[in-house]
Amino acid sequence: MPKDTHELESKQQNVFLIYPHQKGIKDIIDIIRQFFDEYEGESGIQWNIVDADDFRSSIDLLQLITSWVKEGDLAIVILASLRNNVAFELGMIHALQKDYILLVPEGDLDSVKKEFSDISGLKYKLYDPARIFKLKGKLKEELEALAEERKKRIIRQTTPEYLIAIGDSFFQQGLYSEAMLRYKAATDIKGDFYEAWIRLGDSQLQSYDLDAAETSFRKALDLRPQDIVAYEKLGQVLLDSGQYEKAIRESFEPLTSFRPKVTTYYYKIANAFCELGFPEKAVERLHKGIKRMGQVAERAALYYDCAWCCIWKSKRVTDATESEQWIQRALAELKKSIELDPKYEQWAATDQDFDSARSRSDFPNTKNFGERRFSN
């Protein structure tokens, strides 16, 4: 059971009594206390009664009441007439979605509705101050109804869909460990829940638990063998963990079959080849991708990636002649990119990867680029 659910088996329940100061209220409070002394209810529960009136003389009144509302399990609220303290505490209970039993004297209902126009949205029980002995029966009915509602809430809270929703709220706050617990619980309940495996992998990736993330994304792929999202996420994990060959073979190459005109996949493949020390294979694969591209912008982007791979290699060879050959090849690819899309001339002018070649006379001229290219 998730730790954020309300556990019915708790041995102690804190009951917070909130009421206005008026004639006859002490008799009603005594009846309520007697009821909880006698009420067995759910097995093993002990009722700890806390009276808001105990705090009235405290200098930390607001802090104490707020603390008890947050920590309390149940509030008994008597709303008889306009009392600021009762209205404030009832509002806090409602906002925090705490269990409560709202009691209204029958003779005060009209005035209460007038003073608290939004009470119609709250569940309340009427009682007759002249027959307060009947109040015990009303309290018993309400407690049984609340117990049933808690059981239903627990059932809802242990569904995979609910756990996913809770996990998402933690994930969005950057609480990845907490999110991970909920996503894992969802997969334990429903092993074929694709969305839970994807989210579990995401939270593991954010926590840099790459082995676990890989396992989760592979499980998602088992459930949806041609799912693009799962392939992409698996590929990123493999790249982050340095498994470049697997990233190429098991993720990005299949993706180029599913979506042959997405340039990002070719770039990922090329980057992996470069990390493996095979920029020539990277350029070769990029050129195969260029042939599949229908749009000029897509071909220009891949030519630019080819130039990047070549310049990357030029910096990593010790032989000056070989380094020069790679630089020349990089500039040739860069010129093809610029011919298709002039914006890459500007990109190359500021791209730090091309710093080592920018002073060359055969490097594409970027002087006054803005005036020449975008004067219109």
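Helices α6 (residues 160–172) and α8 (residues 194–206) have axes that come within 11 Å and cross at roughly 25°. Bear in mind that this is a predicted model. With angles under 35 degrees counting as roughly parallel, α6 and α8 are therefore roughly parallel to each other. The way α6 passes α8 is a left-handed crossing. On the α6 side, Ile164, Asp168 and Phe171 make the contact, and α8 answers with Glu195, Ala196, Arg199, Asp202, Ser203 and Gln206. Sorted by class, the α6 contact with α8 has four charged residues, three nonpolar and two polar.

Now for the other face-offs. α8 also pairs up with α10: their axes come within 11 Å, again with a crossing of roughly 25°. That angle is under the 35 degrees cut-off, so α8 and α10 are roughly parallel to each other. Here too α8 passes α10 in a left-handed crossing. From α8, the residues in touch are Tyr194, Ile198, Asp202 and Leu205, and from α10 they are Val229, Ala230, Lys233, Val237 and Asp240. This contact of α8 with α10 splits into six nonpolar and three charged residues, with no polar ones. Asp202 turns up in the contact with α6 and in the contact with α10.

Next along is α10 (residues 228–240) with α11 (residues 244–258), which pack at an angle of about 155° with axes 8 Å apart. Since over 145 degrees counts as roughly antiparallel, that makes α10 roughly antiparallel to α11. The crossing of α10 past α11 is left-handed. α10 brings Ile228, Tyr231, Glu232, Leu234, Gly235, Gln236, Leu238 and Leu239 to the contact, where they meet Tyr244, Lys246, Ala247, Glu250, Ser251, Phe252, Pro254, Leu255 and Phe258 of α11. By class, that comes to 11 nonpolar, three polar and three charged residues for α10 with α11.

| Helix pair | Axis distance | Angle |
|---|---|---|
| α6 and α8 | within 11 Å | roughly 25° |
| α8 and α10 | within 11 Å | roughly 25° |
| α10 and α11 | 8 Å | about 155° |

In terms of class, the lining of the largest cavity has six nonpolar residues, two charged and one polar.

Terms used: Residues are numbered from 1 along each chain as its sequence is written. This is a predicted model: local features need pLDDT of at least 70, side-chain atom pairs count only at pLDDT 80 or more; totals for chains, interfaces and linings use all residues. Side-chain values use heavy atoms; hydrogens and water are left out. Axes are lines fitted to C-alpha atoms, for helices over the stretch in contact, and angles run from 0 to 180 degrees between N-to-C directions. Helices (H or I, at least four residues) and strands (E, at least two) are DSSP runs, numbered from the N terminus. Angles under 35 degrees count as roughly parallel, over 145 as roughly antiparallel, 65 to 115 as roughly perpendicular and the rest as oblique. A crossing is left-handed if the near helix is turned anticlockwise from the far one by less than a right angle, and right-handed if clockwise. Contact means heavy atoms within 4.5 Å. Ala, Val, Leu, Ile, Met, Phe, Trp, Tyr, Cys and Pro count as nonpolar, Asp, Glu, Lys and Arg as charged, and the others, Gly among them, as polar.
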